[in-house]
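This report describes selected local features of one protein model. Please keep the sequence and the coordinates open while reading.

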Amino acid sequence: MMKYRTLLGLPFMAAPFCYAQQTAPEKIDEHVVVTATQSQQSWLTSPASVTRVDTTQQLPSLNIDAGDMLEGIPGIQADSRYNYAQDTRLVIRGFGARAAFGVRGLQLNIDGIPLSMPDGQAQTSSIMLDDIASIEVLRGPLAVLYGNAGGGVVEWQSQAPMSSQIALSTQQSADNLQRYGADLQYAGEQHQLKLMATDFTTDGPRPHNRAERQQQALRWYMTLSDNQQLVLRYDNNYAPLLQDPSALTPADWRADPTQTVQRAIDFDTRKRIHHRQGSLSWRYETDHQNYRLSAWQGDRDIVQFLPFSGADLTSSGAVIDLSRQFEGLHAFAQWQLSEQLDISGGWMHESQQDHRFGLVNDNGSRGELRRDEFNHIDSQSFYLRSDWQLADNWQVNAGIRYNELDYRVMDYYISPANPDDSGGKTFDELSAAAAVTWQLSETISSYLSYGEGFETPTLTELAYRNQGSGLNTELMPSTNKQLEAGLKAYIAENWRLGLSVFDIRSDNEILVDQSNDGRTTYRNAAKTAREGLELSLQGSLINDRLDAWVSYTHLSATFEAGELTGNQLPGVAKNQWYGRINYALPQQWQVQVSARYRDSAYSSDNNQVKAPSYTLFDAAVRKSWQWGEHQLEGWLLLDNITDKAYVGSVVVNQGSGRSFEPGIGRQLSVGLEWSRRF
């Protein structure tokens, strides 16, 4: 009989309810619980490719790059730019590869609250990484039930305080990198409170690469009754200076990957960000019903200087001054109609308002106005899902979701040389998915799933056209059909195996058309095909003192029609390997070693230039000391042991040719944290 209890149809997860971290998988899957499938159920019987990792299992991190926490998860490609003015790019099965900055085509949540905007844009830099206890990544057909930009789901999960304590930390690394943190936690019977603050500065690995960032966060968990809980969250992220050294041409990268483009210095390219976001989540749960309500609101202010003047009267300027407000409301209900059948449904409303100015970049100073417009997105979605225990060993899941997105642009900068660019567009789309799970035994399960989803253009992608003015209204949503088969098993006592194969066919794939000095236009490709395989193996040896993790991803992502037929999608690696071992030694010592391989990736649709493949090795040593209620933890991390020169990320279809973003060389980092329990 399947061990199965659903909390279905919910694109936000159970933030107040946390599960104990484990150092090794259990044979019978009672406690390894996943929620990113829009259900709370065991990993073994979940009908999807979903991976959950505890951050304590990963190598220590400076907590400045979200990609570090995602290492080794099959199916996901985390491109670290080592350019603090540009966010980490995340790619899941090819979705998100076109992002010139930040994240596109994927749904990012933290404790169930969306980080992604209604149009599919997201940034990882606003996450307080010190707060993250675990991460779940969902790939495949069931991700389409998240609606727009559901190419995959990354769910960042925090944990309510388990005890009252205070902690102070410091982290140091090359390039004058310094990071300090403070964490105050209170754990009472009815209330748990967490206050966090960090301060980060660095000169960066290249000239004109300085960065400063301060973050503060509040978490308040309130137990209202045996069945009710309320969670209040607030985050403040202020980065007053993020210098942008720009990407390099392949020739410049081969000559000296540590150099900076002269234009970046001449135009003093940089960014300033202030991101604030608050949310309130209420949950009521009994044995047969579950109700949740969540509301959130945020502001994001950005000022960015690009590496050109933008002085032409028809230009949008080269100094971006953006003020964004966003908010949302999500209601969810789930009923257990019988021991075999659960029904759930929900409604979500999101809105986004951008007031955008564009000015001339007068060699690093604000010049004349070139753009003044107000953008608005309004999104509504309804969804319904059912889960049916067909027989003891058979389970059927099915869901459907309707989305309506309304885009409006009002242009206030109008002149004879710069006509009115106002306009609007509405998208009405439907997504659906179904899955069948067959549990062969207590330790082996298989599934087959199918889904049809979509991805609308973002406001950024609609903003420009190659010729003329106004929105690129010819840009259409991309639609996809996904088929996946998977096998999950426990091997012996302490080993867990996951294997999946998939086939994705997309129509009207949204791709970068031209990218020239900050002005990027997009187009629809006729058809693309993605076929692949994902494998993961996790377990422990030597009386659970040695924990091992191995993963492999193969992804063939190609164009299927037109002059690009047979070419690979740019920005996508065909093969990835990852391996990590954690070895626990006496006296609270731990040694960790990891290796990762990334295949070559093309930087443009024509496949004429590609970043070479690479293999990197990292190692870390941890140690903890305990004196009564006091604890001291320290670690040393050596990145890129062989000092390999590699490209961390490519800028897709960069018209200027500057498409290689260098990775870092060998680097030693140290971290130290003192804490006291009360």
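## Salt bridges

E484 and R93 are both buried, where buried stands for under 20% relative accessible area, exposed for over 50%, and partly exposed for the range in between (1.4 Å probe, protein chains only). The two residues form a salt bridge whose closest N and O atoms are 2.6 Å apart; a salt bridge is a side-chain nitrogen of Lys or Arg within 4 Å of a carboxyl oxygen of Asp or Glu. E484 belongs to strand 23 (residues 478–491) and R93 to the loop between strand 5 (89–92) and strand 6, so this pair ties together parts that are 391 residues apart in sequence. Strands here (E, at least two residues) are DSSP runs, numbered from the N terminus, as are helices (H or I, at least four residues).

The model is predicted, so local features need pLDDT of at least 70 and side-chain atom pairs count only at pLDDT 80 or more, while totals for chains, interfaces and linings use all residues. Residues are numbered from 1 along each chain as its sequence is written, and side-chain values use heavy atoms, with hydrogens and water left out.

R505 and E531 form a salt bridge, with 2.6 Å between the closest N and O atoms. R505 lies in strand 24 (residues 495–516) and E531 in strand 25 (residues 519–541), so the pair ties together parts that are 26 residues apart in sequence. R505 is partly exposed, with a relative accessible area of 30%, and E531 is also partly exposed, at 37% relative accessibility. Over the whole structure, a search finds 34 salt bridges.

Five strands form an open sheet in the order 3-8-9-6-7, with mixed pairing. Its edge strands, strand 3 (49–54) and strand 7 (113–114), each pair on one side only. Two strands pair if DSSP finds at least two bridges between them. Strands of a sheet pair through backbone hydrogen bonds, either parallel or antiparallel.

Strand 9 runs parallel to strand 6 (residues 107–110), and four bridges join the two. On this side, L108 stands opposite V154 of strand 9. Strand 8 (residues 132–139) runs antiparallel to strand 9 and is joined to it by six bridges. V137 stands opposite V154, and L138 has V153 as its bridge partner.

Six of the six residues of strand 9 (residues 153–158) are buried, so the strand is largely enclosed by the rest of the structure. In a regular strand the side chains alternate between the two faces of the sheet. In strand 9, V153, E155 and Q157 point one way, whereas V154, W156 and S158 point the other way. V153 counts as buried at 0% relative accessibility. The C-alpha atoms of V153 and R139 are 6.8 Å apart, although the residues are 14 positions apart along the chain.

K623, in strand 31 (residues 614–627), is buried yet has no salt bridge; the nearest side chain of opposite charge, that of E633, is 11 Å away. For charge, Lys and Arg count as positive and Asp and Glu as negative; His and the chain ends are not counted. The K623 side chain does reach the backbone oxygen of Q587, at 2.3 Å.

Q587 sits in the loop between strand 27 (575–585) and strand 28 (589–598) and counts as exposed at 62% relative accessibility. Its phi is near 60°, a positive value in a residue other than glycine. N653 also has a positive phi, near 55°. This residue lies in the loop between strand 33 (647–650) and strand 34 (660–662), and N653 is buried at 10% relative accessibility.

## A nonpolar surface patch

W388, L390, W394, V436, W438, L440, I444, L487, L499 and L535 form a nonpolar patch on the surface, with about 820 Å² of accessible area together. Patch members have over 30% relative accessible area and no salt bridge; like charges are joined within 9 Å, and nonpolar side chains (Val, Leu, Ile, Met, Phe, Trp, Tyr) within 5 Å. Accessible areas come from the Shrake-Rupley method with a 1.4 Å probe, and for residues only the protein chains shown count as cover.

Strand 19 (365–391) and strand 21 (423–439) each supply at least two residues of the patch. V436 is found in strand 21 and is partly exposed, at 34% relative accessibility.

How values were computed:
Polar contact = N/O pair within 3.5 Å; in protein donor to acceptor, adjacent residues only side chain to side chain.
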